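Visitor: I have the sequence and the model open. Can you walk me through a few local features?

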Amino acid sequence: MRCAALWVIAFTACNFSKLPPLTGGGDAGLPGDGGLPGDGSAAPDASTMGPPAGLAYARSFALYTEGIPIHANAPTVGGEPPITFTISPALPDGLALDPATGILSGTAASFAALADYTVVATNTLGSTSARVTLGVNANGVISAYNAFACARVAGGARCWGQNGFGDLGNGNNTQQNVPAQVTGLSSGVAAVATGGFHTCAIANRGAQCWGDNADGNLGNNSTTMSFTPVVVSGLTSGVQALALGFIHTCAIVNGGMQCWGSNGQGQLGNNSTTSALVPVPVQGLASGVEAIAAGADHTCAVVNGGLLCWGDNIGGELGIGSTGPTPNPLPMPVTGLSSGVTGVGAGDIHTCAIVRGAAMCWGSNTHGQLGNNSTTSSSVPVQVAGLTSGVQQIGGGETYTCALVNGGVKCWGLNSSGQLGNGGSTDSPVPVQVTGLTSGVQAIAVGFVTACALVSGGVQCWGANGAGEIGNNTTMDSAVPTPTSGLSNVTP
């Protein structure tokens, strides 16, 4: 009888009224009695029988940062073991798929544009597949803030623009209209980050900073400014990412977070409002930190897929559903963003996040910097008009915002100096396309009123240029992207 021969693997399809009586020791094992024929065993769990089915990843959309170990992304799948897993196309360098478990893990080695990957789960009975969307952001390859900018160039660091406090790190305080070499950092630099009047770099896995130090923002247990890099106390290894506010500094260190400098609004996150001359741990963030951002006086971190913010909340920039001048010295969950967050960017008093590929913003909205076709501020996240997918990086300036979207750049908000890059000077409460940057962009940096992009190994900047922050050897503003002089070998 063919039906009896296929009992174990296909009993649900058989007509049991036509089966002959079963013989042999033990339980007869008829349907519904909890046993297999004749052996007295329990019936198999249907979820572990048959071909693979229901393959899904906890993070079907994931953005990673160069040099930061990713949190293992594990799948769920039904079917009879053993199951093997494959993925196509090939993953970005440094990431791997475990063929036995399907877990994605590793440390991304370089930038990779957002792309769809197909994971296939296979056993002897069949296969199933699932799509995951992954991208890798460059870690501090370019950075801009208050009228100056920096780039990681051939393993070294170069900066240009204002230099009144030694912001550029080249040993003097003279404005530079073209990129200048940072003293002592010609190699070993993994990332650069700019603040209000100070700058930091990850060099040989440690942190070094230079420029203004009035509140200890250089982290070297001093308040003396420095025109050249100084080592941040205690951070000689394990530094993975940097984020600088106007006069405070933060870092991801071995998966945890530490901050130093000004703390009047609780922006260091250590349950205090006392400034710190050396790094202090952010309370509760000893591990699991995936990305960080710093605004003028507030700070945010993506932690295990959720977003936390702390510090000043005068414009609702913490996203906690309220506003006010009272300092918030401890990390607080952003309303509605407890999962799915893959990136964060902070402006002066507004904040934005990438949530499953979409852009959301909150805080001050005086010039439409939240991008929701309004100028009404919001203390909770709102959807940026038109950016519901494909967002890979986002950053805020003083009162405008830019995002890297499907390889191009879009900006919104204040446009008085041409910082939206669309050739005009009219504000826009919704994203507009930056002229000429529709594809091939690998990173963006958003300063107070000047923005930059990395394109094909070169840097292009637009917006205000009164201090030479575009780096094209002039001080004329530009409403469209303009190449920065001498930077043709910047690689993400």
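Guide: Start with a cysteine pair: C200 and C209 are joined by a disulfide, S to S 2.0 Å. Keep in mind that this is a predicted model.

Visitor: Which hand does the link of C200 and C209 have?

Guide: The link is right-handed, with 105 degrees about the S-S bond.

Visitor: And are C200 and C209 buried or exposed?

Guide: Both C200 and C209 are buried.

Visitor: How many disulfides are there by this rule?

Guide: The count comes to seven. Among them is the one between C352 and C361, with the sulfur atoms 2.1 Å apart. Another joins C452 to C461, S to S 2.1 Å.

Visitor: What about the torsion for C352 and C361?

Guide: The value is 105 degrees about the S-S bond, and the link is right-handed. C352 has 1% relative accessibility and counts as buried. C361 is at 0% and is buried as well.

Visitor: Why is the disulfide of C452 and C461 given the hand it has?

Guide: Its torsion about the S-S bond is about 105 degrees, so the disulfide is right-handed. C452 is buried at a relative accessible area of 2%, and C461 is buried at 0% relative accessibility.

Visitor: Back to C361. Which way does it point from its strand, β27?

Guide: C361 points the way that A359 and G363 do, while A358, M360 and W362 point the other way. The residues on both sides are buried.

Visitor: Why is β27 described as largely enclosed?

Guide: Strand β27 covers residues 358-363, and six of its six residues are buried, so the rest of the structure largely encloses it.

Visitor: What does β27 pair with, and in which sense?

Guide: There is antiparallel pairing with strand β26, residues 350-355, over six bridges. β27 also pairs in the antiparallel sense with strand β28, residues 378-383, over three bridges.

Visitor: Which residue is the bridge partner of A353?

Guide: That is M360 in β27. Towards β28, G363 stands opposite S378.

Visitor: How many residues lie between β26 and β27?

Guide: Two residues separate them, and the strands form a hairpin. In the turn, R356 has a positive phi of about 50 degrees.

Visitor: New topic, aromatics. How many aromatic pairs does the structure hold?

Guide: It holds five aromatic pairs. One of them is Y145 with F448: the ring centres are 5.2 Å apart and the planes at 50 degrees, so the pair is tilted.

Visitor: Where in the chain are Y145 and F448?

Guide: Y145 is in the loop between β9 (142-144) and β10 (148-153), and F448 is in the loop between β33 (441-446) and β34 (450-455). The two are 303 residues apart, so to speak of the pair is to speak of a link between distant parts of the chain. Y145 and F448 are both buried.

Visitor: What is the arrangement of F197 and F246?

Guide: Their ring centres lie 5.5 Å apart with the planes at 75 degrees, so this pair is edge-to-face. F197 sits in the loop between β13 (189-194) and β14 (198-203), F246 in the loop between β17 (239-244) and β18 (248-253), so the pair ties together parts that are 49 residues apart in sequence.

Visitor: What does F246 count as, in terms of relative accessibility?

Guide: F246 counts as partly exposed, at 24% relative accessibility.

Visitor: Which residues do the ring pairs link into a cluster?

Guide: The cluster consists of Y145, F165, F197, F246 and F448.

Notes: Residues numbered from 1 in each chain as written. Predicted model: local features only at pLDDT ≥ 70, side-chain atom pairs only at ≥ 80, totals over all residues. Heavy atoms only, no water. Buried < 20%, exposed > 50% of the residue type's maximum accessible area, 1.4 Å probe, protein only. Helix = DSSP H or I, 4+ residues; strand = E, 2+ residues; numbered from the N terminus. Pairing = 2+ DSSP bridges. Phe/Tyr/Trp six-rings, centres within 6.5 Å; stacked < 30°, edge-to-face > 60°. Disulfide = S-S within 2.5 Å.
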